[in-house]
Amino acid sequence: MPLPVPEDALSEGMPEREGASVQETFELFSALAPKGWRVELIEGEICVVPPANGEHEEIVTEVVEQVIARRGDRELRNFTGIGLSLPGATDTVRAIPDLVIAPKGSFDDQQEWHGPDPVLLVAEVTSSSTASRDRVQKIRAYARAGIPVYLLIDREAGEAVVCSGPSGDDYGHKSIHKLGTVVPLPRPLGFELDTSAF
């Protein structure tokens with residue numbers, strides 16, 4: 001998706017773009033992104049994602065509310081908008097999941113990008129512009145980072161996919177559930193997510 005470049009960005013302070021590396025271009029796009037837009041670097045591809053629609057945010061909020069109500073560990077917190085720096089096949093991956101669950105205090109610094117070590121679960125809710133990345137590249141990135149659980153709410157397919165047991169570039173266990181049913185989440189969460197509210 002093309003990123004609008006503000007007129008004032010074309011001033012003398014604009015860095016030279018010709019010959020810039022993917023990382024430098026990613027940083028430039030991140031700096032120029034309008035408020036609410038997310039810029040990610042997934043397997044060498046810069047992905048610019050516009051603000052989510054209302055249905056998407058309703059689903060994320062419902063998952064957050066259920067985690068708060070059903071979590072066994074009261075120290076777990078829900079984070080949205082957290083940037084994760086993940087190991088890539090060749091370069092670093094920069095991802096901003098729709099939801100991250102990690103212990104309280106995991107991100108209490110001034111960093112923009114964080115390591116994945118404290119993360120217990122990441123969740124993505126698909127949009128037409130992100131669905132293929134959420135289903136393929138992000139599974140590889142999150143598995144490679146050793147994130148224990150990846151929850152994919154696939155609106156287009158009408159499914160919730162729970163991936164657990166990260167090993168290499170994939171997850172060893174994937175369970176697929178129709179949206180509208182109860183979805184068991186493995187430990188460290190260990191509760192059932194009711195997707196009928198989606």
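The model is a predicted one, in which local features need pLDDT of at least 70 and side-chain atom pairs count only at pLDDT 80 or more, while totals for chains, interfaces and linings use all residues. Residues are numbered from 1 along each chain as its sequence is written, and side-chain values use heavy atoms, with hydrogens and water left out.

The volume of the second largest cavity is about 30 Å³, a volume being the space filled by probe spheres set on the points, which are joined across faces, edges and corners. Its lining divides into 7 nonpolar, no polar and no charged residues, where Ala, Val, Leu, Ile, Met, Phe, Trp, Tyr, Cys and Pro count as nonpolar, Asp, Glu, Lys and Arg as charged, and the others, Gly among them, as polar.

The largest cavity holds about 50 Å³ of space, and its lining divides into 2 nonpolar, 2 polar and 7 charged residues. Among the residues that line the largest cavity are Arg38, Glu40, His56, Asp98, Glu124 and Val125, and strand S1 (38-42), S8 and helix H3 (131-135) each supply at least two residues of that lining.

The largest pocket, an open set with protein on both sides within 12 Å along at least five of seven lines, has a volume of about 350 Å³. Of its 19 lining residues, Arg38, Ala52, His56, Glu57 and Asp98 lie nearest its centre, and the largest share of the lining, 3 residues, comes from helix H2 (residues 54-70).

Arg155 sits in the loop between strand S9 (149-154) and strand S10 (159-167), and counts as buried because its relative accessibility is 16%, the limit being under 20% relative accessible area with a 1.4 Å probe and protein chains only. Leaving aside neighbours within four places in sequence, Arg155 is in contact (heavy atoms within 4.5 Å) with residues including His56, Ile59 and Val125, and its side chain reaches the backbone oxygen of Thr126 at 2.7 Å.

Key:
On a 1 Å grid over the protein atoms alone, a cavity is a set of points where a 1.4 Å probe fits but cannot get out, and a pocket is an open set with protein on both sides within 12 Å along at least five of seven lines; lining residues have an atom within 4 Å of a point. Helices (H or I, at least four residues) and strands (E, at least two) are DSSP runs, numbered from the N terminus. Buried means under 20% relative accessible area, exposed over 50%, partly exposed in between (1.4 Å probe, protein chains only). A polar contact is a pair of N or O atoms within 3.5 Å; within protein, one must be able to donate a hydrogen and the other to accept it, and residues adjacent in sequence count only if both atoms are side-chain atoms.
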